[in-house]
Amino acid sequence: MSLGLAHTLSRFKLKFSPDKADVMIMQAVGLLDDLDKELNNFAMRLREWYGWHFPEMGKIVTENLAYAKVVKLMGLKVKAKDTKFRKIGVPE
């Protein structure tokens, strides 16, 4: 029992020791994973919410960044005909 507790305590100290450079790398990798997850959540939410207004666009623009740029540039669906999509690198 005490060996398991000592092992757990030493892992905890190693994991959260500010003196180790590896800890900073592990935290940076964890942060990148968290950011990637949040960006995907925001992209899914944007597609879901804007999809109620313009459901066809999800099939037209498949990349998340391009989708967000199109939504920002175009705004309402009625402006789709007059919007110059070449500005953001999306073919018309």
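Asp34 lies in helix H2, which spans residues 21–53; helices here are DSSP runs of H or I with at least four residues, strands are runs of E with at least two, and both are numbered from the N terminus. The model is a predicted one, in which local features need pLDDT of at least 70 and side-chain atom pairs count only at pLDDT 80 or more, while totals for chains, interfaces and linings use all residues. Residues are numbered from 1 along each chain as its sequence is written, and side-chain values use heavy atoms, with hydrogens and water left out.

The chain has four helices and zero strands. Read from the N terminus, the order of elements is α-α-α-α. The accessible surface of the chain is about 8000 Å², and carbon and sulfur atoms account for 65% of this surface. Such areas were computed by the Shrake-Rupley method with a 1.4 Å probe, and for residues only the protein chains shown count as cover. Of the 92 residues in the chain, 16% are buried. A residue is called buried under 20% relative accessible area, exposed over 50%, and partly exposed in between (1.4 Å probe, protein chains only). Among contacts between residues at least 6 apart in sequence, 15% join residues at least 24 apart, a contact being heavy atoms within 4.5 Å.

Helix H2 also holds Leu32 and Asn40. Asp34 is partly exposed, since its relative accessible area is 45%. Together with Asp33, Asp36 and Glu38, Asp34 forms a patch of negative charge on the surface. Patches consist of residues with over 30% relative accessible area and no salt bridge, where like charges are joined within 9 Å and nonpolar side chains (Val, Leu, Ile, Met, Phe, Trp, Tyr) within 5 Å. A salt bridge is a side-chain nitrogen of Lys or Arg within 4 Å of a carboxyl oxygen of Asp or Glu. Lys and Arg count as positive and Asp and Glu as negative, whereas His and the chain ends are not counted. The charge is placed at NZ of Lys, CZ of Arg, CG of Asp or CD of Glu.

Leu31, Leu32 and Leu35 make a nonpolar surface patch of about 300 Å². Leu32 is classed as exposed because its relative accessibility is 57%. Asn40 is partly exposed, with a relative accessible area of 36%.

Met57 belongs to helix H3 (residues 57–60). Its relative accessibility is 3%, so Met57 counts as buried. When residues up to four places away in sequence are not counted, Met57 touches Tyr50, Tyr67, Val70, Val71 and Met74. A C-alpha separation of 8.9 Å was computed for Met57 and Arg47, which are ten residues apart along the chain.

Ala66 is located in helix H4 (residues 64–74). With 16% relative accessibility, Ala66 is also buried. The C-alpha atoms of Ala66 and Gly89 are separated by 8.1 Å, and the two residues are 23 residues apart along the chain.
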